[in-house]
6 protein chains.
Amino acid sequence: MEGFSHLDKEGKAKMVDISEKAPTLRVAVASGTVRMKAETFRKIMGHEIAKGDVLGVSKIAGIMAAKKTSHLIPLCHPINITDVSITFIPLEEESRIEIQAEVKTLDRTGVEMEALTAVSVAALTIYDMCKAVDKEMEIEGIRLLKKSGGRSGTFERKQP
Amino acid sequence: MEGFSHLDKEGKAKMVDISEKAPTLRVAVASGTVRMKAETFRKIMGHEIAKGDVLGVSKIAGIMAAKKTSHLIPLCHPINITDVSITFIPLEEESRIEIQAEVKTLDRTGVEMEALTAVSVAALTIYDMCKAVDKEMEIEGIRLLKKSGGRSGTFERKQP
Amino acid sequence: MEGFSHLDKEGKAKMVDISEKAPTLRVAVASGTVRMKAETFRKIMGHEIAKGDVLGVSKIAGIMAAKKTSHLIPLCHPINITDVSITFIPLEEESRIEIQAEVKTLDRTGVEMEALTAVSVAALTIYDMCKAVDKEMEIEGIRLLKKSGGRSGTFERKQP
Amino acid sequence: MEGFSHLDKEGKAKMVDISEKAPTLRVAVASGTVRMKAETFRKIMGHEIAKGDVLGVSKIAGIMAAKKTSHLIPLCHPINITDVSITFIPLEEESRIEIQAEVKTLDRTGVEMEALTAVSVAALTIYDMCKAVDKEMEIEGIRLLKKSGGRSGTFERKQP
Amino acid sequence: MEGFSHLDKEGKAKMVDISEKAPTLRVAVASGTVRMKAETFRKIMGHEIAKGDVLGVSKIAGIMAAKKTSHLIPLCHPINITDVSITFIPLEEESRIEIQAEVKTLDRTGVEMEALTAVSVAALTIYDMCKAVDKEMEIEGIRLLKKSGGRSGTFERKQP
Amino acid sequence: MEGFSHLDKEGKAKMVDISEKAPTLRVAVASGTVRMKAETFRKIMGHEIAKGDVLGVSKIAGIMAAKKTSHLIPLCHPINITDVSITFIPLEEESRIEIQAEVKTLDRTGVEMEALTAVSVAALTIYDMCKAVDKEMEIEGIRLLKKSGGRSGTFERKQP
């Protein structure tokens with residue numbers, strides 16, 4: 001049955017065993033932006049979108065999604081996050097809204113995926129609430145900015 | 001209590017009532033890409049990532065996420081999707097993997113958010129499986145390519 | 001094995017078979033109120049609660065909970081709701097906030113439970129966001145106000 | 001972009017950072033009651049409801065809901081509860097059933113919301129199982145009775 | 001990039017597109033059994049298990065699991081089941097409890113997986129509730145007994 | 001109200017309070033097999049099933065299900081598993097595929113149910129992916145092989 005051992009070597013899907021890791025404070029910061037028409041940007045800022053307060057809803061969606069990360073990303077460990085904080089940075093000249101998410105936990109593994117998931121779902125929610133007026137909105141630059149805690153030490157993204 | 005009527009006018013959060021819409025075949029296609037180091041790209045293609053078959057797992061994560069869309073995006077209607085199909089287009093020269101998702105339903109509302117959610121979670125899963133070797137991977141260009149069915153007719157994105 | 005047939009007669013847990021029912025427009029309206037200290041009421045109205053915009057978050061929580069009803073109430077059928085709309089009626093003299101939820105579907109069963117669940121979770125969310133300043137808040141009078149569609153006709157609650 | 005800083009000050013939605021809190025035994029007790037017609041009360045007690053053993057199903061629904069609290073209440077932290085116990089106190093003269101839920105955890109935040117959610121969903125389940133015979137049932141008096149553990153000390157509700 | 005087209009041919013994970021199928025009444029019946037020590041069997045029948053009414057809880061777990069099938073089985077379509085009915089057949093001489101689940105829907109695809117999932121989770125719940133007294137319980141013979149509706153016609157298992 | 005105290009004694013549904021237990025490394029290993037036609041076995045091994053790479057998808061489904069155990073099994077405690085590892089052992093002569101799942105946690109209760117749930121859902125997924133070619137596949141012998149950690153010590157199943 002060599003086919004199988006081959007499959008096994010390829011891994012197919014393997015969770016990382018974190019049983020031996022120490023629980024420490026782990027923090028991750030991720031960001032992403034939603035690019036839109038200038039008019040859409042003005043409507044979001046001026047609360048003129050019919051579906052409601054866009055950034056308020058986006059923030060909650062991002063927070064709730066962070067808590068569901070291990071049910072979305074197949075090999076993520078379930079962890080109890082101790083904080084999620086989402087900030088919006090409106091970039092008026094470029095008609096873009098930047099989303100930043102910081103997630104914390106005291107556990108055996110990092111929270112990069114939780115921060116990236118929070119940003120992604122917050123961005124998707126902005127798209128959903130504005131798609132009636134702007135179907136060409138685009139989600140860009142979802143990336144990890146920073147990560148600390150754990151054996152591998154602190155990571156800070158060099159390029160912006 | 002004028003503060004409240006003001007809140008009401010702003011909407012705060014309002015689902016769109018689709019009770020009067022007709023159930024028709026609705027299709028949406030979305031795409032997005034994951035940009036990475038050339039070495040990471042080669043490892044994914046060559047099945048050398050320790051966590052396992054990256055694109056196989058990413059595809060399943062995307063499909064399963066499409067089915068959870070209405071639990072992630074607050075104002076999305078629950079709908080029964082009849083198909084999700086995810087395709088990967090490896091762009092070797094740019095060390096990028098493009099993800100395309102097509103979603104179908106026979107219902108009263110479109111499936112743009114389902115297609116965009118499938119792409120986003122598939123991309124996040126690629127990040128998760130490769131983050132041990134490349135923390136600077138970036139998710140780019142998540143957007144709606146096409147949408148058909150329903151009263152508003154067919155939408156096709158002009159710029160690529 | 002008479003114990004068992006007895007169990008069977010008692011039912012233990014029996015979903016109602018709705019396969020033969022016709023899909024029609026079904027609407028349900030439910031309400032409930034949160035009673036609090038006068039000071040808490042003023043803080044909610046004046047957006048002075050540290051955790052954030054209380055009613056905005058409560059509304060989203062109620063909408064999302066309506067979509068999860070069949071996963072919370074064991075014998076509820078999964079249905080695709082076509083609208084959820086939540087309204088807050090501040091009753092300043094009594095320091096109470098009334099929550100009303102209207103839910104619609106085009107399906108084979110009513111949406112009473114969806115409306116009642118939306119009200120309950122919206123109320124719980126108000127409690128959560130204000131519990132740091134008022135642990136004695138109380139959720140009262142969760143009830144069905146109205147229900148239409150389906151074989152059993154229209155129900156309207158007599159007592160208020 | 002002052003609109004935004006204003007939004008930020010209002011909070012919009014902010015999880016409380018519990019990273020610095022100590023994990024200790026936390027207990028919360030909540031209660032609520034379902035008021036019904038005398039005949040409905042007798043049917044529940046006598047196991048004559050067609051949908052099945054009402055209180056047995058209600059108890060399980062309450063326990064399972066407690067475990068889902070952080071997915072229902074947007075700003076609740078995910079925590080691993082170590083016990084949920086639900087008790088029914090039938091009040092025959094008033095045709096009411098009182099539900100009490102006690103929840104425990106060893107974590108960095110309290111379990112008030114878990115106990116209140118358990119009571120609410122247990123009550124909604126009683127409504128669901130009996131609504132065919134009594135649509136005017138009403139859920140009343142959902143409140144926190146007691147809470148211990150954590151920095152803020154023990155809380156005990158004065159009024160009953 | 002032949003590796004990829006190879007992957008594509010292998011399929012990796014492909015949902016079946018059911019958009020063109022007609023919604024009809026579909027029924028599936030599945031069964032499975034839990035084999036245990038004679039003493040465990042007697043305790044379940046006599047309600048002497050400390051964790052509570054074993055079969056009552058098992059039934060609800062099975063019903064709720066049927067509703068979650070599309071979130072558990074990656075390529076299953078989300079469908080709105082119209083009925084789940086679970087029956088227990090105690091086989092005293094063999095110290096086994098047989099579980100039968102019948103599921104119905106009016107949709108574009110069958111409900112075999114829903115019926116099999118209901119049986120499996122009902123069986124796992126019996127294990128959970130009795131594992132303190134009998135860790136060697138074994139779940140056997142989970143299989144599809146019958147299936148009707150849809151293009152492929154009626155299936156009935158020949159061997160018992 | 002003797003009916004009630006009787007209900008109480010029967011337990012109806014009682015979570016075990018694990019607040020006083022010590023968090024230690026707990027490991028559980030479970031297994032189960034899927035029996036099929038010889039031709040189905042060959043198709044799975046040769047990657048000829050139209051729905052895709054059967055064992056790759058089954059493995060992910062099993063891992064994701066292990067993380068959902070406390071939402072499937074009513075009285076299970078939510079715990080943060082630190083590892084899930086699933087192995088397939090093809091038994092060509094008998095046309096069976098054995099599934100083994102090992103789950104670990106550092107918590108106050110064991111992970112038997114998580115390992116058994118992983119095996120069950122992995123097996124159901126194999127059924128789902130192959131049911132178009134073999135509806136008579138059967139899931140057999142789901143059982144706990146081994147369990148260590150915690151007050152009750154190590155359990156190892158005697159009969160195979």
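Author: In this predicted model, a residue counts as buried if 20 or more other C-beta atoms lie within 10 Å of its own, and as exposed if 12 or fewer do.

Reader: With that cut-off in hand, how many residues of H3(F) are buried?
Author: Helix H3 of chain F runs over residues 54–67, and at 1.5 Å a residue it should span 20 Å, which agrees with the 21 Å between its end C-alpha atoms. By the criterion of 20 or more other C-beta atoms within 10 Å, H3(F) is mostly covered, and the number of its residues that are buried is 14 of 14.

Reader: What share of the 160 residues in chain A is buried?
Author: The C-alpha trace of chain A spans about 60 × 40 × 30 Å along its principal axes, and its secondary structure comes to five helices and five strands. Along the sequence these elements follow the pattern α-β-α-α-α-β-β-α-β-β. Among contacts in chain A between residues at least 6 apart in sequence, 74% join residues at least 24 apart. Of the 160 residues in the chain, the buried share is 61%.

Reader: Which residue in E4(A) stands opposite Val34(A)?
Author: Strand E1 (residues 24–35) and strand E4 (residues 138–148) of chain A run antiparallel and are joined by eight bridges. Within E4(A), the residue that stands opposite Val34(A) is Ile139(A).

Reader: And across the chain boundary, what is the bridge partner of Ile139(A) in E4(B)?
Author: E4(A) is also joined to strand E4 (residues 138–148) of chain B, through two bridges and again in an antiparallel sense. In that strand of chain B, the bridge partner of Ile139(A) is Ile142(B).

Reader: Which residue in the turn between E4(A) and E5(A) has a positive phi?
Author: Two bridges join E4(A) to strand E5 (residues 155–156) of chain A, the strands running antiparallel, and Lys146(A) stands opposite Glu156(A) in E5(A). The two strands form a hairpin with six residues between them, and the turn residue with a positive phi, of about 95 degrees, is Gly149(A).

Reader: What kind of rotation axis relates chain A and chain B?
Author: Chain B is superposed on chain A, with an RMSD of 0.0 Å, by a rotation of 180 degrees with 0.0 Å of shift along its axis. In chain B the C-alpha nearest that axis belongs to Glu140(B), at 2.3 Å, and 100% of the contact residues of chain B recur in chain A, so that the same surface serves both copies. The two copies are thus related as by an axis that is two-fold.

Reader: How many residues of chain A on the side that touches chain D are nonpolar?
Author: Here 21 residues of chain A are in contact with 19 residues of chain D, and helix H3 (54–67), strand E2 (81–91) and strand E3 (96–107) of chain A each supply at least two residues of that side of chain A. Only 5% of the interface residues of chain A are also interface residues in chain D, so the copies meet through different surfaces. On the side of chain A that touches chain D, four residues are polar and six charged, while the number that are nonpolar is 11.

Reader: How far apart are the closest C-alpha atoms of chain A and chain E?
Author: No contact joins chain C and chain F, whose closest C-alpha atoms lie 10 Å apart. Chain A and chain E likewise have no contact, and their closest C-alpha atoms are separated by 10 Å.

Note on methods: Residues numbered from 1 in each chain as written. Chains lettered and ligands numbered in written order. Predicted model: local features only at pLDDT ≥ 70, side-chain atom pairs only at ≥ 80, totals over all residues. Least-squares fit on C-alpha atoms with pLDDT ≥ 70 in both. Contact = placed C-beta atoms within 7 Å. Helix = DSSP H or I, 4+ residues; strand = E, 2+ residues; numbered from the N terminus. Expected span 1.5 Å × (residues − 1). Nonpolar A, V, L, I, M, F, W, Y, C, P; charged D, E, K, R; others polar. Pairing = 2+ DSSP bridges.
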